[in-house]
Amino acid sequence: MQPSEKLTLNLIYYNFTLNEPSALTGGVTNVTSDDWGDEINLIADWQATDKIYVIGVAGVLFPGEAAEQWVGGGDNWLYSMLYASYAF
């Protein structure tokens with residue numbers, strides 16, 4: 001979605017699976033499931049000026065059985081990121 005000429009919003013969905021769950025050993029338990037989880041990201045790209053560009057990301061991962069086995073819990077994982085660049 002592009003609410004203005006200088007701002008673009010993206011909503012991205014990922015479904016993560018593991019090719020070889022058995023490769024993850026040494027966590028709380030051994031991983032047997034290939035379902036790592038589902039992730040949703042909201043990304044804002046803002047061209048503040050001709051020289052300043054800002055990207056903000058907020059995301060959440062809803063862990064699947066493999067992630068729960070790896071960390072020993074099922075809490076959602078939240079994260080955010082802010083990136084800015086200045087062109088000389």
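Predicted model: local features only at pLDDT ≥ 70, side-chain atom pairs only at ≥ 80, totals over all residues.
Tyr 14 is partly exposed, with a relative accessible area of 34%. On this scale, buried means under 20% relative accessible area, exposed means over 50%, and partly exposed lies in between, using a 1.4 Å probe and protein chains only. Phe 16 is also partly exposed, at 33% relative accessibility.

Residues are numbered from 1 along each chain as its sequence is written, and side-chain values use heavy atoms, with hydrogens and water left out.

The pLDDT is the predictor's confidence in each residue, from 0 to 100. The protein chain averages 93, and 97% of the residues score at least 70. Confidence is highest in S1, at 98, and lowest in helix H1 (residues 65–71), at a mean of 91. Helices (H or I, at least four residues) and strands (E, at least two) are DSSP runs, numbered from the N terminus.

I turn now to the aromatic rings. Rings of Phe, Tyr and Trp (its six-membered ring) pair if their centres lie within 6.5 Å; planes under 30 degrees apart count as stacked, over 60 as edge-to-face, and the rest as tilted. By this rule there are three aromatic pairs. One of them joins Tyr 14 and Phe 16, which are stacked, with 5.5 Å from centre to centre and 20 degrees between the planes. How are the rings of Trp 36 and Trp 77 arranged? Their pair is edge-to-face, because the planes stand at 70 degrees, and the centres are 5.9 Å apart. This pair links distant parts of the chain: Trp 36 belongs to strand S2 (residues 35–47) and Trp 77 to strand S4 (residues 77–86), 41 residues apart. Trp 36 is buried, at 16% relative accessible area, whereas Trp 77 is partly exposed, at 31%.

Trp 36 also belongs to the largest nonpolar core, together with Val 31, Leu 61, Ala 66 and Ala 67. A nonpolar core is a set of buried Ala, Val, Leu, Ile, Met, Phe, Trp, Tyr and Cys residues joined through side-chain atoms within 4.5 Å. Which residues does Ala 67 touch, not counting those up to four places away in sequence? They are Asp 35, Trp 36, Gly 72, Gly 73 and Trp 77, where contact means heavy atoms within 4.5 Å.

Next, the sheet. Four strands form an open sheet in the order S1-S2-S3-S4, with antiparallel pairing. Two strands pair if DSSP finds at least two bridges between them. The edge strands, strand S1 (7–17) and S4, each pair on one side only. Eleven bridges join S1 to S2, and Asn 10 has Ile 43 in S2 as its bridge partner. S2 and strand S3 (residues 52–63) likewise pair over eleven bridges, with Leu 61 in S3 as the partner of Glu 39. A hairpin of four residues joins S2 to S3.

Finally, Tyr 83 lies in strand S4 and is partly exposed, with a relative accessible area of 43%. Leaving aside neighbours within four places in sequence, Tyr 83 is in contact with Tyr 53, Val 54 and Ile 55. The C-alpha atoms of Tyr 83 and Val 57 are separated by 8.7 Å, although these residues are 26 apart along the chain.
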